[in-house]
Amino acid sequence: MSNEDDILEAQSERGYSLYDLVVMDEEDSLDKIDNALLAETSPHVLSVFLERLDVDKQREVLRRFDPEKVSEIVSEMDANQSAELVSEMREHRAISVLNEMEPDDAADIVRELEEEDRNRLLKGMESSQPESAEDVRELLEYPADTAGGIMNPHVATLKSDMSVDEAIACVRKMRDEYENIYYLYVVDEDESLEGVLSVRNLLLAPKGAKIGEIMKTNMIGILSPSMDKEVVAHIMADTDYHTLPVVGEDNRLLGIVTHDDVIDIMREEGTEDLQKLAGAGADESLFDSMPASIRQRSPWLLVNLCTAFIASAVVGFFDTDIAVLPLLAVFMPVIAGIGGNTGAQTLAVTVRSIALGEVGIFDMRRVCLRETYKGFLNGLIIGALSAIIAYITTFRLDFSAIVWVAMLINMSLGGFMGSFIPFTLKRFNFDPASGSSIFTTGVTDSGGFFIFLGLGSIFLMN
């Protein structure tokens, strides 16, 4: 069983597992679900299951829950699917669900709604819970991929002139109001940030002390609302804090970004990079509609088709030589395949390092040279083994030497292109992962064929 299967099973020990729910759906027996077991099933398992269903079936399952539970489940789902689901709910039900969510989760969903649905539901939220609607509207003013777009405006705050006992009493009153109380932020009358205090330090503080005396004022990890969410993730990883404050003009505390938001960011970015490397859609899933998947994959497949025709044209250029010495055709895939794999290895490490901020454009020359040298050294070893196999197969020393040299050059090329391509994309403000694998493979295939067949034409045909 995979790690993800273990997680899903562990989360549903007291309720349905994902497997149980999927089987019931396949047997068309969702109407026989036990409500008691369903109530004990974790929101995460339910969200994963619901993402496999169409909207009508999603609504059928969610009718069994109150708005509070529905909000927990829907907030775990992909924002696009959540928006589609919410837009299909009855208006009063949708408004109740959005009101039960944390503002940042509700804003993620509302942002994905059609303008008509967005305005309709926000108007309903204003009538029922004006403060929630105002929080959502404020978050919608920030781009979705910024600190302001992902922050939670509900922050536990204290005043510096409070005593420790007064602060503890205040925190006890906050427990049902705030999602995360890891750190307590100290603000003045104008909501300007003065300091921060952990709950642990508050509880261990001397009796009678003032908050202003025990708070930390030299804070690090302060975010601006326009900061890119990837930068936010790096800052949280570097500081090891559970929450980070978002501060606007005049040092005014606007909200906090929590660790669970950052985990989502890291998972999304990792998924995007992995899928973009192969030319799949950045946010594509296995259960997307056929038209959506085809629309996202087709452009890169067309690019791949072009690179394949280029490689085919290179082979066609040497068709006469291949006809004279068919061994060239036998070893062509070996040369191209190992070069492509060398490029893929380099590409994976380079894209990761760029994504984590470990290297920048200023490192391009140094990294490209290092990776080319690594490809060369691996080429010496792998090429030698290939040459030995070629000699055992053909008993031709000259042919074996060509195999070695071609492998050496193409693996060096793979190391170079695997680092050069993502850096070049980054330089021109493209995602370094976008189609990098397709471009790298195209170059190593075409280059490998040209190098091997060219050397064969020069040294073996005379």
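The exercises below use this predicted model.

**Exercise 1.** Classify the ring pair Phe318 and Phe450, and say where each ring lies in the chain.

*Solution.* Start with the general idea: a pair of aromatic rings is described by the distance of the centres and the angle of the planes. Here the centres are 6.0 Å apart and the planes stand at 65°. Planes over 60 degrees apart count as edge-to-face, so Phe318 and Phe450 are an edge-to-face pair. Next, find them in the chain: Phe318 sits in the loop between helix H18 and helix H19, while Phe450 belongs to helix H23, 132 residues apart. Together with Phe317, the two form one aromatic cluster.

**Exercise 2.** Decide for Phe318 and for Phe450: buried, partly exposed or exposed?

*Solution.* Buried means under 20% relative accessible area, and exposed means over 50%. Phe318 has 6%, so Phe318 is buried. Phe450 has 49%, so Phe450 is partly exposed.

**Exercise 3.** Describe the surroundings of Thr444.

*Solution.* First locate Thr444: this residue is part of helix H23. Its relative accessible area is 0%, so Thr444 is buried. Then look at the neighbours: leaving out residues up to four places away in sequence, Thr444 touches Ala336, Gly339, Gly340, Asn410 and Gly414. Finally, the Thr444 side chain reaches the backbone oxygen of Thr441 at 3.1 Å.

**Exercise 4.** Which helix gives the most residues to the nonpolar surface patch?

*Solution.* The patch has about 1,100 Å² of accessible area together, and its members include Tyr373, Trp404 and Ile409. Helices H21 and H22 each give two or more residues. H21 gives the most, with nine.

Note on methods:
Residues are numbered from 1 along each chain as its sequence is written. This is a predicted model: local features need pLDDT of at least 70, side-chain atom pairs count only at pLDDT 80 or more; totals for chains, interfaces and linings use all residues. Side-chain values use heavy atoms; hydrogens and water are left out. Patches are made of residues with over 30% relative accessible area and no salt bridge: like charges are joined within 9 Å, nonpolar side chains (Val, Leu, Ile, Met, Phe, Trp, Tyr) within 5 Å. Accessible areas come from the Shrake-Rupley method with a 1.4 Å probe; for residues, only the protein chains shown count as cover. A salt bridge is a side-chain nitrogen of Lys or Arg within 4 Å of a carboxyl oxygen of Asp or Glu. Helices (H or I, at least four residues) and strands (E, at least two) are DSSP runs, numbered from the N terminus. Buried means under 20% relative accessible area, exposed over 50%, partly exposed in between (1.4 Å probe, protein chains only). A polar contact is a pair of N or O atoms within 3.5 Å; within protein, one must be able to donate a hydrogen and the other to accept it, and residues adjacent in sequence count only if both atoms are side-chain atoms. Contact means heavy atoms within 4.5 Å. Rings of Phe, Tyr and Trp (its six-membered ring) pair if their centres lie within 6.5 Å; planes under 30 degrees apart count as stacked, over 60 as edge-to-face and the rest as tilted.
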